[in-house]
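The sequence and the model are shown first, and the description follows.

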Amino acid sequence: MTPPPQPEQNALFDEPLAPADAPAAEPTAPRPARRPRAGVEATAVGDATRTLAAALPHGLHLGTSSWHFPGWAGLVWGGDYAEATLSKHGLVAYARHPLLRSVSLDRAFYRPLTATQYAGYAAQVPAHFRFVVKAPALVCDAQVRAEDGRGRAPNPAFLSTELAIRQFVQPALEGLGDKIGALVFQISPLPRHMLARLPELIDRIGALLSALPRLQPAAPGGVIALEVRDAAFLAPEHAPHLARTLRAARAASGNRVT
């Protein structure tokens with residue numbers, strides 16, 4: 001966190017000295033301290049937007065990948081806010097927008113969240129709101145990566161069922177409960193030697209997904225989802241196998257190839 005700017009010390013010595021016979025200046029009333037703004041204000045929403053939101057299907061949850069974009073001033077936020085402020089305090093205002101009924105907790109990919117952290121997010125949104133949460137890279141990345149994103153070594157915890165349950169599914173169920181929309185296992189880009197043995201990897205993914213505890217009844221509308229980042233998963237020789245595997249594991253699917 002950047003420390004707050006300090007007052008210029010030189011300014012304390014820049015005032016010219018008053019002549020010795022000059023009358024003393026009359027004391028001025030101290031300026032009241034400016035109170036910091038608490039939280040983030042939501043923007044005013046017009047009737048047309050509310051009418052549109054009311055017409056959406058009950059099970060449709062529109063949302064974004066995060067809630068801390070400063071460029072939404074006047075659209076979601078009622079003023080201009082720094083990204084750091086929105087990250088800490090913006091979720092409540094985001095969830096008040098009638099069209100925004102969901103958001104993704106991408107930060108969970110970089111470090112597992114605790115049940116307490118999940119519960120803190122759940123407490124900031126209305127009952128109809130749903131979260132899309134990414135499983136940690138600890139489980140979903142086949143490589144341990146350096147700070148620049150390059151693979152440094154094989155990840156021994158890749159597709160670990162025990163870690164997936166203990167560090168992801170159980171805390172999310174305990175903290176978010178029925179506000180779970182989807183728990184997403186995003187498989188990071190794979191090294192070439194693993195892509196060459198993709199059927200075996202698909203079987204490992206299926207074994208992991210099948211071993212996960214069911215989200216119901218704690219999260220009646222929640223789903224387990226798989227997101228892949230390699231086009232090879234969708235090749236004609238592999239896509240049917242992947243589809244059968246997901247169907248057997250009762251998991252939803254999606255893809256994002258980079």
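## Basis of the description

The model is predicted: local features need pLDDT of at least 70 and side-chain atom pairs count only at pLDDT 80 or more, while totals for chains, interfaces and linings use all residues. Residues are numbered from 1 along each chain as its sequence is written, and side-chain values use heavy atoms, with hydrogens and water left out.

## The largest pocket

The largest pocket holds about 340 Å³ of space. On a 1 Å grid over the protein atoms alone, a pocket is an open set of points where a 1.4 Å probe fits, with protein on both sides within 12 Å along at least five of seven lines, whereas in a cavity the probe cannot get out; lining residues have an atom within 4 Å of a point. Grid points are joined across faces, edges and corners, and the volume is the space filled by probe spheres set on the points.

The lining of this pocket comprises 16 residues, and F109, Y110, A137, Q186 and S188 lie nearest its centre. Two or more lining residues come from each of α4 (107-110) and α6 (137-140); helices are DSSP runs of H or I with at least four residues, strands are runs of E with at least two, and both are numbered from the N terminus. By class, the lining has seven nonpolar, two polar and seven charged residues. Here Ala, Val, Leu, Ile, Met, Phe, Trp, Tyr, Cys and Pro count as nonpolar, Asp, Glu, Lys and Arg as charged, and the others, Gly among them, as polar.

## The nonpolar core

The largest nonpolar core has 63 residues, of which F131 and F185 touch the most other members. Helix α7 (residues 161-176) gives the most to this core, with eight residues. Such a core is a set of buried Ala, Val, Leu, Ile, Met, Phe, Trp, Tyr and Cys residues joined through side-chain atoms within 4.5 Å. Buried means under 20% relative accessible area, exposed over 50%, and partly exposed in between (1.4 Å probe, protein chains only).

Not counting residues up to four places away in sequence, the contacts of F131 include L91, V103, Y121 and I180. Contact means heavy atoms within 4.5 Å.

## Salt bridges

The model has five salt bridges, each defined by a side-chain nitrogen of Lys or Arg within 4 Å of a carboxyl oxygen of Asp or Glu. One of them joins E162 and R166 (2.5 Å, N to O). These two residues are four apart in helix α7, so about one helical turn separates them. E162 is partly exposed at 45%, as R166 is at 43%.

D148 and R150 form another salt bridge (3.7 Å, N to O). D148 is exposed at 55% relative accessibility, and R150 is exposed at 62%.

## Local features

H241 is found in helix α10 (residues 239-249) and is buried, at 18% relative accessibility. The C-alpha atoms of H241 and P199 are separated by 7.5 Å, although the residues are 42 apart along the chain.

Most residues other than glycine have a negative phi, and most peptide bonds are trans. L159, which is not a glycine, has a positive phi of about 60 degrees; L159 lies in the loop between β5 (151-154) and α7. A cis peptide bond joins Q216 and P217, with omega about 5 degrees, and P217 lies in the loop between α9 (198-211) and β7 (223-228).
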